[in-house]
Amino acid sequence: MAADILDQIHTEHELVQNLFKEILQTSTGSVKTREKLFTELKKNLIPHMKSEEELFYPLLKEHRHTKEMSLEALEEHHVAEMVLSELDRMAPSDENWNAKIKVLSELIEHHIEEEESEVFKGARDIIPQKLEPLLNQFVEKENALKSQL
């Protein structure tokens, strides 16, 4: 198991990045594969974002050094959720589906880069004593959300 919440978040980022790579390698005709991979992506990405929003970012918003980056990360989550919702309403064979998933992938990649550099550093500086205890809450929250999908 991860040592703290930042290790867990990093591990989940790698999983999501790999799912995006797999999805982007599919062709328009690979409808079943796209559906399967997109379902797996949502099953991992949505609970991850919601758990960060409810448990991780509120702690960082309390501090002036990390407030702005927390607000930006929350907005990136919001945009990602909108794009996920749009993709959900589209057929994977739609000619725009691949372009939209690519844009979502790029948004998430940007978010991960900022989160793992700036946000993680801020968390280590500001709430180091809370990182380990947060891990269990984070995993429990994600598991509860995954069971609802």
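Leu60 is buried, with a relative accessible area of 0%. This residue belongs to helix H2, and the model you are looking at is a predicted one.

**Around Leu60**
- Setting aside neighbours within four places in sequence, Leu60 is in contact with Thr66, Lys67, Ser70, Val119, Ala123 and Ile127.

**The nonpolar cores**
- The largest nonpolar core is made up of 20 residues, and Leu41, Ile101, Leu104 and Ile108 have the most contacts inside it.
- Two or more residues of this core come from each of helix H1 (5–24), helix H2 (31–61), helix H3 (64–88) and helix H4 (97–126).
- H4 gives the largest share of this core, with 6 residues.
- Ile101 touches Phe20, Ile23, Leu24, Phe38, Leu41 and Leu87, if residues up to four places away in sequence are not counted.
- There is also a second, separate core of 17 residues, and Phe56, Ala73, Val119 and Leu134 are among them.

**How H3 meets H4**
- The axes of H3 and H4 lie 10 Å apart, and the two helices pack at an angle of about 160°.
- Angles over 145 degrees count as roughly antiparallel, so H3 is roughly antiparallel to H4.
- The crossing of H3 past H4 is left-handed.
- In the contact of H3 with H4, 14 residues are nonpolar, 6 are polar and 6 are charged.

Technical notes. Residues numbered from 1 in each chain as written. Predicted model: local features only at pLDDT ≥ 70, side-chain atom pairs only at ≥ 80, totals over all residues. Heavy atoms only, no water. Core = buried A, V, L, I, M, F, W, Y, C linked by side-chain atoms within 4.5 Å. Buried < 20%, exposed > 50% of the residue type's maximum accessible area, 1.4 Å probe, protein only. Helix = DSSP H or I, 4+ residues; strand = E, 2+ residues; numbered from the N terminus. Contact = heavy atoms within 4.5 Å. Axes fitted to C-alpha atoms, helices over the stretch in contact; angles between N-to-C directions. Parallel < 35°, antiparallel > 145°, perpendicular 65-115°, else oblique. Left-handed = near helix turned anticlockwise from the far one by under 90°. Nonpolar A, V, L, I, M, F, W, Y, C, P; charged D, E, K, R; others polar.
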